[in-house]
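Work through the exercises below with the sequence and the model at hand, and try each task before reading its solution.

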Amino acid sequence: MRLVFAGTPDPAVPSLRRLIESQRHEVVAVVTRPDAVAGRGRKVVRSPIGRLADEYEIPVFTPHKPGEPEFVAALTELAPDCCPVVAYGALLPSAVLDIPVHGWVNLHFSLLPAWRGAAPVQAAVLAGDEITGASTFRIEAGLDTGPVYGVVTERIGTTDTAGALLARLSESGAALLESTLDGIEDGTIQAVPQSSEGVSYAPKIESDEGHIRWDQPALAINRRIRAVTPVPGAWTEVAGKRLKVGPVELVEEQLPVRTIEVRKSGVYVGTTTTAVRLDQVQPQGKRMMAALDWARGARLEPGTVVE
């Protein structure tokens, strides 16, 4: 089939690469979000999907809004059979949804109807789900409500961060997306309406949601930190300065809530249940480092608390 692929961030790259290298399909163009300012140097950079398309000399469209008349006209002229989508990052109006013969097929990183929305992987980790996965579905007007073609499942490990889990799902999901498109072309697959039960939503996670609330149980703190790692990142404040915190280890002892205790074996913080041991931390303006190295350099006073 003639494909126009829409996607933007790194998790979409395995899918685009797999379709480009497919023997059955032809990616005739790519749609991605406009180049944006990023990094400490504040340079304007191409999206990961845009860069991959450039490598293969595939035409790239970067409309600010996919409903722009110029883009609609260009897509109509391309006459794609189907438009696969992975984390594109913009709502698609009916003016473009109706162009491809087989519609727009989205790869979503959850087992729909669970965790519809922008941050399904983070939501699954935060909720303590044991199983998640990826789904392919045909896009319609609602938010991730379209009929489902297929799914793959993935177990969530007790130490999985959202980043690690998403990396695995982006690979298994790429295979699912390709097989879905194969089935659509062959006429051997049909989309099934989503169940009205088990619907949940996963809105975008903002930076403030990475603020660790130490007056919660250790298990909830552990899940929150893993859910926001690496983006937007977990953080706390020590002596008025922000400290980024990597995944922690649960330990079988208690400390006063929010109190830091520095030992030869590591740096511990009290919660409302058992304590946690910090692993990697990042002080403002510095790189990630071992928590014990940070604590020694910070010369924390006994009884120091985190906020």
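**Exercise 1.** How many helices and how many strands are there in the protein chain?

*Solution.* The protein chain has 8 helices and 17 strands, where helices (H or I, at least four residues) and strands (E, at least two) are DSSP runs, numbered from the N terminus. This is a predicted model, in which local features need pLDDT of at least 70 and side-chain atom pairs count only at pLDDT 80 or more, while totals for chains, interfaces and linings use all residues. Residues are numbered from 1 along each chain as its sequence is written, and side-chain values use heavy atoms, with hydrogens and water left out.

**Exercise 2.** Find at what angle helix α5 and helix α7 pack, and state which residues make the contact.

*Solution.* Begin with the axes, which are lines fitted to C-alpha atoms, for helices over the stretch in contact, with angles that run from 0 to 180 degrees between N-to-C directions. Helix α5 (residues 120-127) and helix α7 (residues 218-227) have axes 8 Å apart and pack at an angle of about 165°. The two helices, α5 and α7, are therefore roughly antiparallel to each other (angles under 35 degrees count as roughly parallel, over 145 as roughly antiparallel, 65 to 115 as roughly perpendicular and the rest as oblique). Next, look for contact, meaning heavy atoms within 4.5 Å: α5 contributes Q122, V125, L126 and A127, and α7 contributes R223, R224, R226 and A227.

**Exercise 3.** Describe how α5 is placed against helix α6, and name the residues that meet.

*Solution.* The axes of α5 and α6 (residues 162-186) come within 9 Å and cross at roughly 125°, and the two helices are therefore oblique to each other. On the α5 side the residues are V121, Q122 and V125, and these meet A162, L165, L166 and L169 in α6.

**Exercise 4.** Which residues of helix α8 are buried, and which exposed residues lie on the face turned away from them?

*Solution.* In α8 (residues 291-298) the buried residues are A291, L292, W294 and A295, where buried means under 20% relative accessible area, exposed over 50%, and partly exposed in between (1.4 Å probe, protein chains only). These residues cover an arc of only 160° around the axis, which puts them on the same side of α8; the arc is that of the directions from the helix axis to the C-beta atoms. The face turned away from this buried side carries the exposed residues R296 and G297. Just after α8, R299 takes a positive phi of about 50°.
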